[in-house]
Structure formats: structure tokens, C-alpha cells
Amino acid sequence: MYSFDQMPNRRGTNSIKWNVKDYELPMWIADMDFGVAPEIIQAMQDKIKLGAFGYESVPNSYYDAIVNWQEKQHNCQIKKDWILFVNGVIPALSSAVRRLTHPGEQILTLTPVYNIFFHSIENNGRKSLEEELEYDVNSHEYRINWSSLEQKLADPLTKMMILCNPHNPIGKSWSYEEIKKIAQLCNEYHVYLFSDEIHGDLVLDDSFSSSLKLPDKLKQNLIVAFSPSKTFNLAALHSASVVVPNPELRFQIYRAINNDEIAEPNLLAIPATIAAYTQGSTWLHELKAYLLKNRQYIANFLENELSQLNLTSEFATYLAWIDISNLNINSQELAEFLKENTGLIISSGKEYRGNGANFIRLNFACPRSVLIDGLERLKRGINSEKA
């Protein structure tokens with residue numbers, strides 16, 4: 001029904017991703033190259049036709065759409081009054097950091113992890129406490145060192161943990177048992193748990209477990225944030241939701257996001273979000289099938305053409321996390337070399353900390369022809385760098 005083999009031409013359109021030279025191919029930022037679902041476009045066009053662009057409120061239909069989406073897509077039962085509208089997951093995270101912690105206190109992350117988390121922590125005068133994930137070089141899998149994690153959570157200065165689930169950049173969806181164990185530890189040591197689930201709709205093997213599935217006693221210090229921005233490529237619409245089951249904690253977050261003026265929607269955020277969550281399931285189903293084939297293409301290409309590299313990401317997100325440790329080159333140096341010599345722009349894993357210096361991140365949410373071009377550039381660059 002939907003085609004993902006074509007892409008809009010976004011060069012010269014103020015696109016961050018496509019503000020590049022003519023010969024360059026950007027495959028770095030988490031921004032899909034597919035056209036937006038027509039149902040969402042129609043909802044926005046209908047809104048614009050009104051011709052009046054005054055202040056907007058959040059209607060009940062917005063909350064209904066989220067409740068129904070979470071139940072149908074993820075088997076999560078949430079209540080409407082748990083939900084707060086915000087204009088982005090990261091702005092909400094920064095607000096929560098400022099409201100619930102104090103300068104000098106520690107906020108824990110599992111690294112390598114989305115680098116903007118560090119901005120929310122460190123730009124607000126808090127300290128980043130890293131629990132580096134253990135990496136198995138044989139199975140190419142990441143695991144949590146539970147004793148080390150507990151030790152860090154038990155530190156009296158640790159006041160919040162940010163969980164990335166699914167985990168960007170390593171492409172892993174944490175299991176229910178892993179999430180439950182994390183929540184138990186946070187509960188035991190009185191640590192707030194902020195779960196960023198912005199990629200939750202993009203687990204290609206449908207194995208996503210939301211923190212919202214936890215039993216009530218483990219949701220009292222829980223804050224969950226998600227958005228249609230990654231799922232439906234709507235980042236510039238600035239629409240997201242924060243779900244806080246505990247009413248007292250929810251009031252704290254409510255005050256935080258209102259103090260920071262991030263709780264009011266723009267003209268198109270609400271109709272686009274409602275259309276995405278009420279009419280977008282078929283589009284998403286077909287998108288995930290296409291992404292799964294792209295992921296398999298990468299796996300096959302690396303095995304047959306670049307066997308010294310390993311695809312380590314599992315089936316979450318559209319971001320390939322590729323182990324380059326066999327090349328004996330820093331990922332930042334490789335990223336710079338690839339851009340200069342092939343025009344391919346990918347993310348260096350170094351910025352995600354942990355063991356990221358041995359990895360690159362490549363966005364495969366693009367038409368197959370673009371993916372093939374990118375992988376051929378990667379091959380050409382690596383072969384020339386080795387020569």
C-alpha cells in the first residue's frame with residue numbers, strides 16, 4: 001500500500017540532515033528519508049485550511065489516541081491523567097533533571113548511549129555517572145554488570161537513572177526482566193527512573209517491553225517519555241508525551257515543564273500526533289517490514305564484502321551499530337576519513353562514550369538504493385584507508 005523506495009528531495013530545505021554538499025550522503029542523524037504517511041499530511045492540511053493560527057490547547061482526543069496506541073501496540077494499560085504533553089523528550093528530560101535533582105548530584109546512564117543525555121545532565125550542573133555496558137567480542141552482545149550497577153545506584157549522590165529503551169545507539173530492546181531488575185534497584189535506593197522510549201515503536205522483531213508494564217509498586221518513581229517523532233519522522237513538529245503514574249511525582253513534572261514553558265503545542269503538533277496514533281498503524285507495519293529488509297541487507301553486505309566489520313545492533317531502531325575494532329582505527333578518525341574521501345557521513349561512536357570509539361553508527365531508514373550507495377561508499381573508503 002505504501003512505497004518506501006522513493007524519498008523527498010530535502011536539499012536546500014533547511015534540513016539539518018541534508019544541508020550537505022552535492023556529492024555527500026548523510027547517514028548519521030536519526031531522521032528517516034521516507035515521506036510522511038499521507039494520513040498525517042492530510043490531518044495537517046485540514047488544520048491549515050482553517051486559516052486561523054491562534055493559541056492551541058491539548059484536547060481529550062490526544063490523550064485517547066495515546067492510551068489506545070499504547071494498548072494496541074505495546075499491551076500497556078495507562079490512564080489519561082498520567083499523560084502530560086511536552087514539545088520534546090529531551091526538553092522534558094532536562095526539566096526533570098532540574099526539578100528532581102540538585103547541582104553536583106549524579107545521574108546514571110548505561111553507556112554507550114545517546115550523547116544528548118550528557119547535555120541534559122552536565123549543562124545543568126549535574127554529574128554524569130557512567131555504567132559501561134559489558135561487550136562480548138564473540139557474540140557481539142551488550143550486557144549489564146548488575147553488581148556494578150547496584151553499587152552505583154547505592155551511592156547516596158545518585159539521584160536519577162536515565163534508561164534508553166530501546167537503547168540508542170546499540171540497537172537493543174531491554175527485556176521485561178531486565179527492566180524490572182533496574183526498576184527494583186532504583187526503587188530500593190530511592191533513585192528516579194527516567195525511561196526514554198522514543199524508539200519503542202521501532203523494534204523490528206516486536207520484542208519491545210515498555211517500563212509502563214511494570215507492577216504499580218515499581219512505577220512510583222518512574223517517568224516515561226515517548227514521541228511520534230522517530231516513528232513517523234515528525235521531529236520538527238515538536239510533539240511528545242511524558243507519562244508519570246505517581247500523582248505526586250506527576251505534579252512535580254507538571255510544574256517543571258510549565259516553568260520551562262515546554263507544555264504548549266504548536267499549530268500542527270496535536271492533529272499530526274492524533275492522526276499518527278489513530279491512522280498510522282498500517283504505515284508503521286509496512287515501514288518496519290522494509291526496515292527489517294534493509295537491516296538484513298546490511299548484515300549480508302558486511303558478511304560478504306566487509307567481513308572485518310560486525311553488525312552488533314539487534315532489532316531495535318533503524319540505526320546500525322557497527323563494530324570496527326578489527327580495523328585498528330578510532331571511529332572519529334574513520335568518520336572524518338569517510339566524509340573527506342567518499343562523501344559518506346556517519347556518526348562516530350566515540351560521542352556516545354562507553355566503548356563507542358570502536359563503533360560507527362549508520363542510519364538505514366532510507367530507500368534501498370540509498371542504502372546500497374552508502375554501503376558501497378563505506379566499502380570503498382575502508383579499502384582505500386587500509387591500502
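**View 1. Lys-379, with a relative accessible area of 22%, is partly exposed.** The model shown in this and the following views is predicted. Glu-305 is also partly exposed, at a relative accessible area of 36%. A search of the whole structure finds 16 salt bridges.

**View 2. Arg-143 forms salt bridges with Asp-136 and with Glu-141.** In the pair of Asp-136 and Arg-143, the closest N and O atoms are 3.3 Å apart. The side chains of Glu-141 and Arg-143 meet at 3.3 Å, N to O. Arg-143 counts as partly exposed, at 38% relative accessibility. Asp-136 is partly exposed as well, with a relative accessible area of 23%. Glu-141 has a relative accessible area of 34% and is likewise partly exposed.

**View 3. Strand β7 (residues 158–164) pairs with strand β3 and with strand β8.** Of the 7 residues of β7, 6 are buried, so the strand is largely enclosed by the rest of the structure. Strand β3 (residues 106–111) runs parallel to β7 and is joined to it by 4 bridges. Thr-109 stands opposite Ile-162 in β7. Strand β8 (residues 192–196) also runs parallel to β7, and 5 bridges join these two strands. Leu-163 has Ser-195 in β8 as its bridge partner. Together with helix α6 (residues 176–188), β7 and β8 make a β-α-β unit, and this unit is right-handed.

**View 4. The residues of strand β2 (residues 83–86) point two ways and are all buried.** Ile-83 and Phe-85 point one way from the strand. Leu-84 and Val-86 point the other way. Strand β10 (residues 240–243) pairs with β2 in the antiparallel sense, over 4 bridges. In this pairing, Ile-83 stands opposite Val-243 in β10.

**View 5. Helix α3 (residues 89–100) is mostly covered.** Of its 12 residues, 9 are buried. They are Val-89, Ile-90, Ala-92, Leu-93, Ser-94, Ser-95, Ala-96, Val-97 and Leu-100. The C-alpha atoms at the ends of α3 are 16 Å apart. This agrees with expectation, because 12 residues at 1.5 Å a residue should span 16 Å.

Definitions and conventions:
Residues are numbered from 1 along each chain as its sequence is written. This is a predicted model: local features need pLDDT of at least 70, side-chain atom pairs count only at pLDDT 80 or more; totals for chains, interfaces and linings use all residues. Side-chain values use heavy atoms; hydrogens and water are left out. Buried means under 20% relative accessible area, exposed over 50%, partly exposed in between (1.4 Å probe, protein chains only). Two strands pair if DSSP finds at least two bridges between them. The expected span of a helix is 1.5 Å times one less than its number of residues. A crossover is right-handed if, with the strands pointing away from the viewer, the path from the first strand over the helix to the second runs clockwise. A salt bridge is a side-chain nitrogen of Lys or Arg within 4 Å of a carboxyl oxygen of Asp or Glu.
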